[in-house]
Amino acid sequence: MQFEVLAKCHTTRARVSRMRLAHGVTMLPTFMPVATQAAIKGLTPQQVEALGVNLILNNTYHLNLRPGIEVLKQAGGAHKFQGWNHNLLTDSGGFQLVSLSKFTKITEEGALFASPFDGEPTMLTPEESISIQHAIGADIIMQLDDVVSSLTVGPRVEEAMWRTVRWLDRCIEFHQKSGKDTVQNLFAIVQGGLEPDLRDKCLDEMIARRDKVAGYAIGGLSGGEEKDIFWRMIKQCADKLPDDRPRYSMGIGFAEDLLVCVALGVDMADCVFPTRTARFGVALTSKGPLNLRLGKHAKDMRPIEEGCPCPTCSSGMTRALLNHTATLETAAAHAITQHNLVFQARIMGGAREAIIDGTFPQYLKQFFANYFGDAGYPEWCVNALRSVGVDLLEDRPDAKVISGDGAKWEYSDAA
Amino acid sequence: MTSRPLSTVAFTGSSSSGKYGPRTGRIRIDRQDGTPILHTDTPALLTATSRGLVPHLSRDNVHLTQAIRHLQLPFESFLDRNPPVPTLVGGTHPLHTLLGFSPDNHIVILTLRDPSDGRKMPPNGTDFVSGQCTRGVRKVNLTAWKNYAAQCKPDLVVALSDTPFTPAPHSQKRLTKSIERSIAWLADFLRVSPADPSATQPRNVLVHLAGGIEPSARSEFAERLSEPIEQKDAPGLSPPMNTLNDGVAGYVFDLLPLHTALAADVSRSEGLASLDDDLLHASHHQRSSHETSTELAELFRASLDPLPADKLRVINSPTSPHEILRLVRDVGVDVVDGFWAQRAADIGIALDFRFPAPRHSTPEFSVKGAPPPLARKDEKLDLGHNLFDPRYRHDHARLASSFLDGKSSAELTPDSGSPLPMPVCSCHACSPHSPASRMLHSPVDVHAWADVSPSTLQPPFVRAYVHHLLHTHEMSAHSLLVMHNLTVFAAFLSGIREVLRHGDTAGDEFDREVARFEETYDERMSLWNEAERMWLEVEHARGKGRLAREKEKQAASTIGTAVDL
């Protein structure tokens with residue numbers, strides 16, 4: 001990996017970087033769409049590329065089950081299997097073991113789980129996870145971590161943090177011995193729950209191994225914790241992580257979360273949210289999400305968002321037709337998925353441009369004013385951005401501020 | 001009300017073997033609004049749509065698929081709003097505008113009912129037809145249909161007709177009523193309102209040839225079409241229309257209700273229990289055979305006998321390419337709907353057949369190692385691959401053995417100029433190209449794409465990948481399969497045209513090729529039964545019981561609903 005910081009925001013911790021991997025250059029900060037099963041839901045890889053996206057994510061746990069490593073090896077890796085010529089990141093599978101299987105038991109050796117095929121006890125070790133990720137062949141691979149829910153408290157959190165550090169060592173060793181470390185880049189995952197002490201210890205340990213890892217992820221967050229704690233954890237980690245390594249915040253996808261993370265110094269984020277919500281008929285816009293299933297859109301001949309360059313809006317697809325087809329026709333899901341991925345890419349592209357131009361604080365203010373101006377600013381966003389020198393309320397003394405997580409949804413016709 | 005649709009549709013066809021021989025022809029659509037005049041060679045493919053969309057295809061993929069040129073648009077799904085959304089669009093091409101089709105390339109045929117949906121419906125009335133939408137059954141009366149057509153300005157429009165979607169058999173009385181109504185409705189549709197002198201007679205109307213499976217009823221309907229118009233009916237029907245037939249551009253044959261009635265006839269005469277009266281599924285075990293094709297051809301001829309040969313003949317919902325070939329041979333049909341191929345994509349089948357059929361003696365089957373479809377016990381080949389089947393788990397070949405993919409064809413013809421061993425499948429699954437451009441979201445994004453060339457041919461998507469997508473319930477599987485199947489189906493029709501162009505001997509050659517096709521490919525379609533079963537298994541394994549029964553009914557009778565979102 002070649003990683004080069006091109007520009008830094010004069011006020012916040014945001015930065016623009018160029019990351020060169022085996023399958024090309026990706027400009028950061030960026031949002032990574034999730035192709036869990038080796039396909040962005042409903043789209044072809046050519047369609048994804050046309051959207052200006054060149055780094056996507058596959059899930060190791062899923063690909064290991066189906067199609068299986070043997071098939072991927074025959075195909076010459078996951079890139080070739082799915083026809084994706086650009087950069088690819090795989091997670092380690094640890095998160096799915098915990099989120100999808102009730103029976104997973106973590107031991108020092110690895111994660112013991114019941115095979116979803118025959119129920120047989122199966123062990124996923126750090127070495128095994130890396131080996132699977134080698135077969136998949138992603139440009140960025142993740143260490144196996146001991147994931148605990150962000151709502152967990154007590155000694156289990158510390159235990160998981162230390163185990164994650166030990167597993168990192170095993171992943172590093174296995175990866176280096178394999179000789180694949182020249183093409184595939186291993187990222188460490190900072191754990192430690194919501195406890196600043198533990199995060200700090202974990203950061204120290206992992207930064208000590210900086211010569212052996214290509215980048216760092218911030219894990220164990222966005223699992224239902226309070227947003228006010230979430231941003232503090234991100235900030236703590238991003239502040240301490242070395243400047244010359246990309247920082248990846250796992251499972252982040254709401255627009256406001258993305259921009260706060262970028263301002264705190266995060267370079268990469270992934271989430272199924274924009275593609276999943278598209279299948280339920282929700283389109284993302286600069287004025288907030290739009291639930292296209294609501295009757296009020298049935299005769300609306302406007303596109304999702306005026307001026308949006310995505311294939312859906314630029315083809316003249318109306319809200320009315322999306323209302324007619326959303327959740328009933330797969331092609332409606334495709335159309336909204338294309339739009340939502342472009343929305344995510346535009347937010348991040350706009351951030352890159354503003355950081356380079358030295359206008360990122362204004363960009364943040366403008367975005368939040370559009371997105372939350374009517375409904376009220378989430379208090380945690382105001383706090384988080386103040387911590388890096390941007391006051392969203394500066395010129396808006398009358399702006400409403402909402403406590404809690406402040407997500408804004410169009411649930412029903414009454415809304 | 002604004003003026004009537006102004007498209008004029010002309011068809012010129014020729015057959016070397018008389019009125020009912022196989023024929024090629026050309027459709028000419030002149031919208032008289034400045035858009036290019038569109039020509040299509042026949043027999044041609046009519047792509048089916050659902051709720052206004054080609055199932056599983058986003059707009060960019062519709063435009064990538066050259067096989068998509070004629071689109072059949074059932075209006076009924078839009079009855080969920082009043083006034084229906086397409087009537088609110090306005091402009092010169094409201095349907096193209098609303099649905100994202102290109103006036104320069106796409107021809108839209110508007111019809112009230114989805115011809116592939118054979119579900120039981122409440123009876124029609126003396127002046128209305130029942131249509132189906134998400135909010136239930138809606139009545140559409142004659143005036144409303146006239147207005148919808150005028151507001152939507154389709155390139156072709158199908159007049160309302162009274163086809164019973166109640167369980168067969170239908171009584172003599174019902175058939176007589178059906179004919180009376182259909183004639184009266186057509187006359188009404190063709191009539192220009194005296195209140196609107198600026199309106200012109202539509203020249204783009206298609207009519208269903210009514211009469212069910214009674215040859216005498218079918219002749220009766222056709223004769224009524226060709227009778228001189230009585231004085232009392234004349235107002236509003238301007239010269240040179242001497243007969244109603246003068247006012248129509250072509251005829252439509254819906255095979256689904258005919259197949260259903262024929263099947264009911266057989267089970268009745270054999271004393272079997274009547275078919276499930278709840279469902280008349282297109283895909284539900286409607287299979288073609290020599291016998292049914294012969295019966296259908298006789299019925300069609302009964303309709304066409306009193307009528308001139310110079311009008312377009314459209315068939316909806318054929319069940320196999322064998323049936324299409326026989327109807328081309330024995331009746332001379334010009335436009336064929338793609339439901340069959342599109343439904344195959346719903347249930348995971350990648351089509352793999354050609355007309356004329358490949359010759360076993362040539363080594364072409366083995367080119368670049370794409371295994372041919374399975375041979376059944378009688379040595380006939382399947383028409384495609386059921387990619388749900390575990391046999392494809394490790395099959396890294398392109399989808400079809402009888403077509404090359406773009407990339408291997410490019411590698412096979414460096415400069416030798418030697419002919420390709422077989423045609424190339426131009427679909428996006430077999431011959432994908434990287435996009436012509438990518439969106440840039442910031443000025444520095446040029447760094448990201450600097451060393452990636454646009455519009456380059458990519459390797460084909462392979463069976464193992466689509467197999468994986470099907471088993472993981474990924475929608476992309478169906479997108480790839482629809483593009484592929486429509487392309488293979490269009491190539492099949494193009495193959496028919498090719499043989500028929502061979503001049504005087506074309507008729508004989510065509511007969512021989514039809515016979516060879518019948519000997520080569522399995523018509524019992526065992527593959528379809530297997531694919532439907534596996535598709536349902538994967539569907540059930542997913543374990544979401546959401547309206548499962550209703551969904552199954554719906555899924556089996558319409559396209560595009562195969563995937564749970």
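In the predicted model, domain 1 and domain 2 of chain B bury about 3,200 Å² between them, with carbon and sulfur atoms accounting for 64% of this area. Domain 1 of chain B comprises residues 8–17 + 38–337, and domain 2 of chain B comprises residues 349–437 + 453–557. The contact involves 41 residues of domain 1 of chain B and 38 residues of domain 2 of chain B. Of the area that domain 1 of chain B buries against domain 2 of chain B, 21% is supplied by Arg287(B), His322(B) and Leu325(B), more than by any other three residues.

Polar and charged interactions also cross this domain boundary. Three salt bridges are found across the interface of domain 1 of chain B and domain 2 of chain B. A salt bridge joins the side chains of Arg326(B) and Glu523(B), with an N to O distance of 2.4 Å. Eight residue pairs, both at pLDDT 80 or more, are in polar contact between domain 1 of chain B and domain 2 of chain B. On the side of domain 1 of chain B that touches domain 2 of chain B, two or more residues come from each of β3 (38–42), β4 (44–48), α1 (59–64), α8 (321–330) and β13 (335–337) of chain B. Among these, α8(B) gives the most, with eight residues. This side of domain 1 of chain B consists of 15 nonpolar, 17 polar and nine charged residues.

Chain A is likewise divided, into domain 1 (2–277) and domain 2 (283–402). The centres of the two domains of chain A, taken over C-alpha atoms, are separated by 26 Å. Domain 1 of chain A places 41 residues in the contact, and domain 2 of chain A places 34 residues there. About 3,300 Å² is buried between domain 1 of chain A and domain 2 of chain A, and carbon and sulfur atoms give 79% of it. Leu51(A), Glu256(A) and Leu259(A) contribute 20% of the area that domain 1 of chain A buries against domain 2 of chain A, more than any other three residues.

The elements giving two or more residues to the side of domain 1 of chain A that touches domain 2 of chain A are the strands β1 (2–8), β2 (15–21), β3 (24–28) and β4 (30–32) and the helices α9 (227–240), α10 (255–264) and α11 (273–279) of chain A. The largest share of this side, nine residues, comes from α10(A). By class, this side of domain 1 of chain A holds 23 nonpolar, nine polar and nine charged residues.

Between the chains, 61 residues of chain B are in contact with 68 residues of chain A. The area buried between chain B and chain A is about 5,200 Å², with 60% given by carbon and sulfur atoms. Four salt bridges are found across the interface of chain B and chain A. Arg438(B) and Glu49(A) meet through their side chains in a salt bridge of 2.9 Å, N to O. The interface of chain B and chain A also has 27 residue pairs in polar contact, both at pLDDT 80 or more. On the side of chain B that touches chain A, at least two residues are supplied by each of α1, α2 (94–99), α11 (446–449), α12 (463–471) and α13 (476–500) of chain B. The largest share, five residues, comes from α12(B). The residues on this side of chain B divide into 28 nonpolar, 23 polar and 10 charged.

Key: Residues numbered from 1 in each chain as written. Chains lettered and ligands numbered in written order. Predicted model: local features only at pLDDT ≥ 70, side-chain atom pairs only at ≥ 80, totals over all residues. Heavy atoms only, no water. Domains from an automatic or database assignment. Contact = heavy atoms within 4.5 Å. Buried area = accessible area lost by both parts, 1.4 Å probe. Polar contact = N/O pair within 3.5 Å; in protein donor to acceptor, adjacent residues only side chain to side chain. Helix = DSSP H or I, 4+ residues; strand = E, 2+ residues; numbered from the N terminus. Nonpolar A, V, L, I, M, F, W, Y, C, P; charged D, E, K, R; others polar.
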